[in-house]
Structure formats: structure tokens, C-alpha cells
Amino acid sequence: MGRGWNLGSGSAKAGEPQAAGVGRDTEEQDLRMVACEWSPEAERSGVRREALSGGLYREQQEGLWGSVEAGARMEVRAGTEGGDRDMEGRGNAEGALETTGRLVRGSEGSCGADARCDRPRPPGAAALMLLLPATMFHLLLVVRSGPARLLGPPPYLPGLQVLWSPRMLLLWLTWLGLQAALYLLPARKVAEGQELKDKSRLLYPINGNPIYDFFLGRELNPRVWSFDFKYFCELRPGLIGWVLINLAMLMQEAELRGSPSLAMWLVNGFQLLYVGDALWHEEAVLTTMDITHDGFGFMLAFGDLAWVPFTYSLQAQFLLHHPQPLGLPVASVICLINAVGYYIFRGANSQKNTFRKNPSDPRVADLETIPTATGRQLLVSGWWGMVRHPNYLGDLIMALAWSLPCGVSHLLPYFYLLYFTALLVHREARDEQQCLQKYGLAWHEYCRRVPYRILPYIY
Ligand SMILES: NC(=O)C1=CN([C@@H]2O[C@H](COP(=O)(O)OP(=O)(O)OC[C@H]3O[C@@H](n4cnc5c(N)ncnc54)[C@H](OP(=O)(O)O)[C@@H]3O)[C@@H](O)[C@H]2O)C=CC1
Ligand SMILES: CC(C)=CCC[C@@H](C)[C@H]1CC=C2C3=C(CC[C@@]21C)[C@@]1(C)CC[C@H](O)C(C)(C)[C@@H]1CC3
């Protein structure tokens, strides 16, 4: 059997686990830890030292995670980079092992804080940088064409003179400038984000690959004074730009056909609700992995400033060029689908945010939780007991409702749904990795209790 030990959660000897435990100031904590059973997913070879959130880390004696046998001895080393301490414990017949030891806060740092360990390699990054703009242009060309075929070649290629317009560039810069000016208004609320992982020395690798770094961004939170480029781009210019493009489509349709169609109203209304919700809950964006984990490179800059406004508004663009009849009964069903999606999306996000801010809040105090070695807890009832990403489920249901008003004659309006499913499945896998890194066996226990990721009984 292996001799590496996965530290599970246990009750704290001094100071019960708290939701805000990660940021505790005490230099040393006495923790009572329970080593749990080996699981195939937990087996990872080659990991010598692993960070526990809250600045703690543990080391494995050998490359494997180990199960605990009766009477087995375990050795866990924990400490700061400068000075480790050893601890010992004994296993019992049930395969659980208790040990009491003193963990000393070390410097935070692990693959979990490194945005590069779970991302595409340079050739993939280079391909994406060509593919994404090409896809966007393709979509914009075909949505205007008669057949509007998602998979066919574009009907024509515009000349360079069409693509280059100093007036448009000026307009775009003015738009960014206006957003930047609004963003800088002194009246806005100053919110504190999560403790950032860029305290880690591992976050800034010396040997970077220029293509890869350009794609992902070297800097986690590029700022000039208090102007945070990533945070600014994540919400304002792109999301508001998306709504404005939708609105322009609606107005143009009114001009062309006398009044906007019901389908156009629905698409505008649904997406306005989504963007309004994002801006209303602006602070919640601080805990998304884009802000806490990803650098600000091509992916987010292009994603936020171009991809979101131009491809997320595809349905409205499609409807302008391909009007679709929509009766009231079908429209009502679509509204219901969107309402259900929004209800799940908002309910799940709010439940987690409320819980993370204050676990004793009466709205979440009764929910069942799993303690973790970091002091934070994981919800296992309510929305987060249904599937491991109920917010993604709600988001996907809404995505379906945004496409349905465009009818079923074309695949193009379903592009967002397809892309978004791929994005969320990939994102879910990344988050899973990070949570495993953060919470170790407590995360395995959560996965055991809540086996489905996004879609109950299916995925
Ligand atoms: N429209 C779009 O293009 C996109 C929309 N989105 C939406 O953005 C929103 C945010 O998504 P995203 O940033 O990916 O991540 P989530 O909001 O899903 O947050 C994941 C984090 O939540 C915490 N968590 C996970 N499970 C539990 C649990 N059981 N109990 C308590 N906390 C838990 C963990 O962090 P910790 O424990 O550290 O708190 C985990 O890392 C989603 O609604 C998503 O649909 C996302 C991407 C694109
Ligand atoms: C293909 C490509 C270029 C991908 C880049 C991905 C980005 C477009 C998305 C990554 C995470 C996002 C989020 C939102 C918009 C899309 C991007 C930037 C978001 C702002 C949409 C509104 C939501 O309410 C949200 C605030 C939760 C969400 C955050 C993540």
C-alpha cells in the first residue's frame, strides 16, 4: 500500500472550521485531521508536495495516495517552506486514521494557483487565436446570407477596405473610453475580492512561452492605479455592447418591417435580463475563475470585447435577416423555459454567494454541509445538492430559450447553445481540478454525495 496520506476534514481543536478560515491571521493552527480511504481518482503519482488552501501544505512519502490499514503508521509533514514539522498518527480498523498535529502556515502556492496547469498548450492556443476570430467573422457573414448555413462556407469574403474603417475604430475607441470614464466615476462601491492566489511564487513562471502567455495572459490582475483592466473588460463594454447590438437589431427590424417581431422582443428581453442580472450582481464576478485564476490575455480580452458582443447577439442578428413567425402559445412556453433557467441560475449563484459571505445567514443556515480541511465548507443540500454545478444548468436552459424564438429551420441560432455547452463542460472540468486541489478528500466526499455534474441523472 502507498504511504502518502490525504488529509481529510476534521473538527478543529482550536477554533472550529470557519467559512472565512482561509484568511485567518494566526500563524499556527492546531488541527485534528482524519485520513480517509484511498480512491482511484485521488491517486496521482509524482506529486511530492501539495498545497492545502489557507497556506498549508502536505507532503507525500511516496508517489501514491494511500489507504489506511489497521495499526498503520502515518507520517505527515507540514510546515512552512523554511521549516517542516512531523506528525504521526495511528489507523483504526475502519480505515480511518486520526492524528493530531500542528500545521504551520506556509506560503500559498500550488498548481491550483497556476493558471497554466489545466489550459491548452501553445499549439492549441495558437490555433484558437486564429480560429476564434475566423469563427466570429464566419458567423457574422453567414447570418446575413439567405441560407444562413452554420456549417457551409461563407457566401462571400469582404475586401480589406470593408474591414478597415477609421470611423469604426474611432467609434470603438470612444465606446471603450466612455466605459472607462464611467468605470472611473468616484461614486462606485469599492468591493473586496477573495484572497488572491497571485501571492504564490508559482504564479509567475520564469520560462514562459510567448504564444501561450499571449493567449492566457501573464498578468493575473493588470492594473494602472486602481483601473483593473480585466475586471473592467469582463462586464461593462462587452455585456452592454451585446445589449446595444440587440437593441440596434430590434430598431432596424422596426424600421424595415413596421414593428419588431415577437421573437425579436423575446430575445432582447431575455438577454437584457441576463446582462442586467450580471451588472446588478457585479460583485459576484470577483469570485469567478476568470478573475481569481486566469490571466488577462488574448482569450479574455478578445472574449470580453469582441466575442461576447458579436457572437452572443447572433440570435438578434439572425432574426433581423431571417424573420421567424412565433405564436403566443409557443412564445409562452419559451418564456417559461427562460424563467425556469433564470430561477435555477440565480437561485444557485445567490445561495452560494450568500453562504460564502456568511454561512450563518438564515437563508442558508439550515443547509447541510461538508467541512473541509481549509475551514471552508461545501454545501451538499439545496441547489448544490442537486448537481455539482446547478448554476451552469440554469445558464444552459436559458441559452436554449434564447435560441428557440429563432425557430428550428437553422442551426446557426443554436451556435451559442453548442459553444456554451462546450465551454461549461470544459470549465466544469477545470473547476473540478481546482476544487480537488483545494479540498482534497472533502471534494471526493462531495462528489460521492452529489454524483452528477450539470444535468441530474445524465451528466
Ligand atoms: N455566459 C457566459 O458566457 C458564461 C457564464 N458563466 C456563468 O458564470 C457563473 C460563475 O461560474 P464559474 O465562475 O465558472 O463558477 P461557479 O460560480 O460555479 O463557482 C465555482 C466555485 O464555487 C465553489 N463551490 C463549488 N461547489 C460548492 C459547494 N457545493 N458549496 C459551496 N461552494 C462551492 C468553489 O469555490 P470556493 O469553494 O473557493 O468558493 C468552486 O470553485 C455561472 O453561473 C456560469 O453559468 C460562466 C462562464 C461563461
Ligand atoms: C471562446 C472564447 C473567446 C472564450 C472566452 C470566454 C469568455 C467569453 C467568457 C469566460 C467567462 C465569462 C463570463 C461571462 C461572460 C463570458 C465570459 C467572459 C459573464 C460576465 C456573463 C454574465 C454572467 O452573469 C457572469 C457575470 C456570471 C459571467 C462571468 C463569466
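Biologist: How many Å separate a nitrogen atom of ligand 1 from an N or O atom in the side chain of Tyr274?

Modeller: Please keep in mind that this is a predicted model. A polar contact is a pair of N or O atoms within 3.5 Å. In the case of Tyr274, an N or O atom of the side chain is 2.8 Å from a nitrogen atom of ligand 1. Asp395 also places a polar side-chain atom 2.5 Å from an oxygen atom of ligand 1. For Tyr416, the distance between a side-chain N or O atom and a nitrogen atom of ligand 1 is 3.4 Å.

Biologist: How much of the area that ligand 1 exposes on its own does the protein bury?

Modeller: The ligand is considered alone and then with the protein around it. Ligand 1 exposes 930 Å² when taken alone, and the protein buries 89% of that.

Biologist: Which elements give two or more residues to the shell around ligand 1?

Modeller: They are helix H10 (328–357), strand E10 (377–379), helix H12 (390–403), helix H13 (415–439) and helix H14 (441–449). H13 provides the largest share, with 8 residues. The shell has 26 residues, of which Tyr312, Tyr392, Asp395, Asp431 and Tyr439 come nearest to the ligand. By class, 15 residues of this shell are nonpolar, 4 are polar and 7 are charged.

Biologist: Is H12 largely enclosed or largely open?

Modeller: Burial is judged residue by residue, and a residue under 20% relative accessible area counts as buried. In H12, 12 of the 14 residues are buried, so the helix is largely enclosed by the rest of the structure. Among these buried residues are Tyr392 and Asp395, together with Leu396, Met398 and Trp402.

Biologist: Where is Thr372 found, and is Thr372 buried or exposed?

Modeller: Thr372 sits in the loop between strand E9 (369–371) and E10. Its relative accessibility is 2%, and therefore Thr372 counts as buried. A polar atom of its side chain lies 2.7 Å from the backbone oxygen of Arg376. Sequence separation and distance in space are read separately: Thr372 and Glu445 are 73 residues apart in sequence, while their C-alpha atoms are 9.9 Å apart.

Biologist: How many helices and strands does the chain have?

Modeller: The chain has 14 helices and 10 strands. Of its 459 residues, 49% count as buried. Among contacts between residues at least 6 apart in sequence, 73% join residues at least 24 apart. The accessible surface comes to about 22,700 Å², with 62% belonging to carbon and sulfur atoms.

Methods. Residues numbered from 1 in each chain as written. Chains lettered and ligands numbered in written order. Predicted model: local features only at pLDDT ≥ 70, side-chain atom pairs only at ≥ 80, totals over all residues. Heavy atoms only, no water. Near = heavy atom within 4 Å. Polar contact = N/O pair within 3.5 Å; in protein donor to acceptor, adjacent residues only side chain to side chain. Areas by Shrake-Rupley, 256 points an atom, 1.4 Å probe, with all protein chains shown as cover. Helix = DSSP H or I, 4+ residues; strand = E, 2+ residues; numbered from the N terminus. Nonpolar A, V, L, I, M, F, W, Y, C, P; charged D, E, K, R; others polar. Buried < 20%, exposed > 50% of the residue type's maximum accessible area, 1.4 Å probe, protein only. Contact = heavy atoms within 4.5 Å.
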